[in-house]
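Happy to look at this one with you. Let's take a few descriptions in turn and ask what backs each of them up.

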Amino acid sequence: MTTRSGGITRRDFLKAGTGAAIAGIAGWPGSGGGAESRAASRIVLIRDPRAVQPDGTLSAEALGEMLDAAVATLFEKKNAADAWKSIIKPTDAVGIKTNVWAPLPTPSALEATIKRGLAAAGVAERDVGIGDRDVLGDSLFKRATALVNIRPMRTHHWAGLGTCLKNYIMFVPEPSDYHGNACEPLGAIWNLPHVKGKTRLNVLVMMTPLFHGIGPHHFSKSYTWPYAGLIIGTDPVAVDATGARIIQARRDAHFKKPSPISPPPRHIAAADIKYGLGNSDPARIEIVRIGSELDALI
Amino acid sequence: MILAGMLMMATAEHGKAAVLDLKALLPDHAGEWAASEPIRYYDSDGIFDYIDGAGEVYRAYGLKGCVTRRYEHATLPSVVVDVFEMGSSRDAYGVFTHDRVGEPVEVGGGGLYNAGWFRFWKGAYYVSITPDEEVERTREALVALATAIAALIESPGEKPAILDLLPSAGLDARSISYFHDHLVLNARYYVADDDILKLSGRSEAAIAEYSIEGDRALLLIVIYDSEADAKAAIDSFRQAYMPEAGEKGAVLRTEDGRWVATAQFGQEVAVVFDAASADIAMRLLDDATRHAVEQRGTHQ
């Protein structure tokens, strides 16, 4: 018998031709059909060195300006307020799914900027909630008609990367059910009834991303760097795939040799091919760049 | 019914005693360090509440429980000490081999220091010390703390016997990983989504790098419960990974120009990955087979 049985193996990724493929961030073996027929995704990558101070603290003013500019650009509006009005109704109840991981939480300045945008769109304060680990039991999230997804990019012990896609793992009662095969099934969460179709915006915070994790707590400041960026888009897969490429490039540069993200963040390509959530192939992602391009890595 | 009740009580009491033993490894004072918080305990189900996804790695090595405590120092940033009680000393060693990046330090059965993080294994325990921040004296102070904790662990434990099956010629001993689970293997060297080697979370497995003629190859050895299980595993791997190699399925060139080779000897299966040539792959395989036979002769 010369035909291989069973599922995907290393050799399938080797056929795709690159280490990035094995890393699961540039294609999926045997992909076809839906991916090719899907329209390309547009995302915004904005960077401003002022956002990260020399001592590592973040400038709230710079962060707010960056997010406002990125949102306006993404939705092709004159300003952020108009952009938020184009994606949020005054009658929406909006859950901001943030991330409270202590070593690298979502900057509060960005949460505040989102809240300001929602207010500009006419949403009452009582109809806005911010949550992470408690979202399943939170009364606002239970009645939410719209979601805004925001979290910092980092490596993750089991998923390879902590991404916008992974940020929704708290929408299920048993997150460990989705740990199998390096968290490949995460995309399935996005198709659950209480989540599906509600996400208006994804924000992947790339201010001081973690590009390598060590130890049970997975964090060392030595393995972060001041990229000072935000990646935003309506397609979480495109946002995450772009962030993953930046992390991979940083790892290769830091370790001075190809250093695949480990384990490979398979959930990104799986969200594209298996769950139809968006585009992971760089050829199908349009990146609109704003601000500094110094050491952009991609 | 009375006997069942007594057994349950005895088991519960044993469990309580085990937790107390674990907590005894985090004293109130250790050299220049003083505990600043009470001890927290997590069992193998609750570990996700503490370290999220990383908990899966420890569970793959039979985690029994974890205790954690914060310590303060007069002049240095405070640290978090985590003590994991694993299924066995082999499993404590296995967790240690999951990440071997760092400077070796002689503590317990072996220690490593990297970017402020210090960890060691001794007996059935894996100990991790993580500072809030790495400063100039961090390494020295963490080694002292680790040494104090290691002294509280009576049994040194032992490394897994499978390591004796790794031939020594060309072996990079610092590259050895020991595991039971294909997901742990994939984290080290991605092979396949499915458990095509039928590790099943129970088999003993080790993978290591070898230097051969200026190049590097990987040797994986797995011990199964029986020859029949080993045969089923090698057949499964060959069908899933290298069917083009034919019935015997010994050696094959993969898409990146490197070579993979397999062999079974009794209850063991050996796989060479990433060899520079078919000859190198087969020589490493032959070394492994010969060495395994010699080891069996030594132990009989």
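**Where two helices meet**

In this predicted model, Ala81(A), Trp84(A) and Lys85(A) of α5(A) are in contact with Ile114(A), Gly117(A), Leu118(A) and Ala120(A) of α6(A).

Q: What makes up the contact of α5(A) with α6(A), by class of residue?
A: Five nonpolar residues, one polar and one charged make it up.

Q: What makes chain A as compact as a globular protein of its length?
A: For 298 residues the globule rule gives 19 Å, and the radius of gyration of chain A is 18 Å, close to that value, so the description holds. Chain A has 10 helices and eight strands, and its C-alpha atoms fill a box of roughly 65 × 45 × 35 Å along the principal axes.

Q: How much of chain A counts as buried, and what does the word require?
A: A residue must have under 20% relative accessible area; of the 298 residues, 58% count as buried. Chain A exposes about 11400 Å², with carbon and sulfur atoms supplying 53% of it.

Q: Which share of the contacts in chain A between residues at least 6 apart in sequence joins residues at least 24 apart?
A: That share is 71%.

Methods: Residues numbered from 1 in each chain as written. Chains lettered and ligands numbered in written order. Predicted model: local features only at pLDDT ≥ 70, side-chain atom pairs only at ≥ 80, totals over all residues. Heavy atoms only, no water. Contact = heavy atoms within 4.5 Å. Helix = DSSP H or I, 4+ residues; strand = E, 2+ residues; numbered from the N terminus. Nonpolar A, V, L, I, M, F, W, Y, C, P; charged D, E, K, R; others polar. Rg over C-alpha atoms; globule rule 2.2 N^0.38 Å. Buried < 20%, exposed > 50% of the residue type's maximum accessible area, 1.4 Å probe, protein only. Areas by Shrake-Rupley, 256 points an atom, 1.4 Å probe, with all protein chains shown as cover.
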